[in-house]
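Me: I'd like to learn how to read a structure like this one. Could you walk me through it?

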Amino acid sequence: MAKNIMFVGTNSSAGKSFFVTAMCRVLSDLKYKVSPFKSQNMALNSYVDENNLEFGRAQALQAFAGRIIPDARMNPILLKPRTDKKSDVILLGKKTDTYDAKQYYKIKSKYLPYIKKAYQELSNISDIIVLEGAGSPAEINLLDGDFVNMGMAEMVDAPVILVADIDKGGVFASIYGTIMLTPEKWRKYYKGVIINKFRGQKEILKSGIQEIEKLTKVPVISVMPYIDVEIEEEDSLTNKLKLYSYDKDKINITIIKLPNLSNFTEFSPLTLFQDVNVNYITIRDDIPTNTDILIIPSSKNIFKDLEEIVKVGFDEKLKSYAEYKNVLAIGNAVELLAKNIYDIQGIYSDKKDKKALGLLDIDISTVQSFSEKINVKIINKKGLLENSQDEINLYRIKTGEINKFSDNTKIIMEFENEIISVQKRNILGIYAFGVFENTEFINNILNGLRMKKGIKKIDVHLDYNAYREKQICKLADEFNKYIDIKKLMDIIESGV
């Protein structure tokens, strides 16, 4: 039976995912067999494991940090928002139900046996489980039947570290409020507080730390500085929404932040390319004229995004841009560019069909969704894919099938005779994910753009896995520098 430690946060984005990632690497370095675990995760970004099971991408990253194979049991319940009110329930990697919040909280107890079983199976093959909470453990409206935060800690007898975000201000109030709003029976599980994202001299916090320790009876075990590390964030684009720059001697990429944007971590590997600028715009912005390639990411609800795009007039901007310049649509963003979407499964709406933007001569019919890894054959090397290789590995969270009906739109990629990618002149749609992790494939596209701009080609092989490993090491080094690992190990050994 594994020992445990759990990280919860005073708020979402406090840094608990980063600390679980760092802890997994530190424990792995100490030769422990470690596994991450988050019983329930609401996230827009997901990962497909070796068994074609879908779960939270943050837990996959934490598994890489622990030097183990990502496994859907590490996140037995993934809630994927479909609309503002409803989410799909991905249970142990497979979609089961769709609920609104009120419905879900009425029936969520039925998932508890699956959580216990997943945890137990991981515990049987691990020395230490590093658990992660969700949101805040002091959401008093959600405490009944909790199996995500302190309820999970109680279930497995896990000591808890509270991560407090000083960057948002009011850190001592948030520490005190979180602990004191936690039901008294669970307060004993708190064994330490980490103040995270501090910028300044630690000495100025001394009196506040002394007072908060006296009030809560929980020690502050570390003050962590703000760490600049390029690790995929679970669900936040906060630091990526600013416009960076557009330079004539670089490749300028513009990514549209759709209102219902999902799977935005898809683009993280672009950080490897030193001569690439990555910029984000909203559908209320103009498309910068010096954009070399416009990327349309996937959406949790294509119908709603289509309606919003037309409402604000972005459809005309997009059509005008696409007349002459390069467009790349990823995942179900391909549906935006189709002629029609036939939503026969009711994935997006009670309406059964939707007229889309018509930039590609295809129709798409929705199907019951599932996930799988696929090896795709590139059968038509035109336009953006002129210099491409013959095959790439992708994964898909399948929601529809492409029906091509015009020779103006060419089939570019296939998987077992099914259309995966289509292209019409300078518009390329790839109905899958994992595209940018194929850095050779992306670099070949970029080289075509470099040649047209008179920029020197780059033929160096860039390895995103190696880059991610470097960033995990950097995070773990900072963790080791500012946190007393022996103290954490004592907490793990002592338990509750």
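This is a predicted model: local features need pLDDT of at least 70, side-chain atom pairs count only at pLDDT 80 or more; totals for chains, interfaces and linings use all residues.

Me: Into which domains is the protein divided?

Reply: Domain bounds come from an automatic or database domain assignment. Here domain 1 covers 3-232 + 469-494, and domain 2 covers 251-454. Their C-alpha centres are 33 Å apart.

Me: What is the area buried between domain 1 and domain 2?

Reply: The size of an interface is often given as the accessible area lost when the parts come together. Buried area is that loss for two parts, taken with a 1.4 Å probe and summed over both. Between domain 1 and domain 2 it is about 1700 Å², with carbon and sulfur atoms giving 43%. In terms of contact (heavy atoms within 4.5 Å), 20 residues of domain 1 touch 21 residues of domain 2.

Me: How many salt bridges are there between the domains?

Reply: A salt bridge puts a side-chain nitrogen of Lys or Arg within 4 Å of a carboxyl oxygen of Asp or Glu. The structure has 30 salt bridges, and the count between domain 1 and domain 2 is 2. Elsewhere in the list of pairs, lysine 317 meets aspartate 286 at 3.0 Å, N to O. Lysine 317 sits in helix α10 and aspartate 286 in the loop between β14 and β15, 31 residues apart. Helices (H or I, at least four residues) and strands (E, at least two) are DSSP runs, numbered from the N terminus.

Me: At what angle do α1 and α14 pack?

Reply: Axes are lines fitted to C-alpha atoms, for helices over the stretch in contact, and angles run from 0 to 180 degrees between N-to-C directions. Under 35 degrees counts as roughly parallel, over 145 as roughly antiparallel, 65 to 115 as roughly perpendicular and the rest as oblique. Helices α1 and α14 pack at about 90°, their axes 12 Å apart, and are therefore roughly perpendicular. Met23, Val26 and Leu27 of α1 meet Ile485, Leu488, Met489 and Ile492 of α14.

Me: And what is the angle between α6 and α8?

Reply: That one is about 10°, with axes 11 Å apart, which makes α6 roughly parallel to α8.

Notes. Residues are numbered from 1 along each chain as its sequence is written. Side-chain values use heavy atoms; hydrogens and water are left out.
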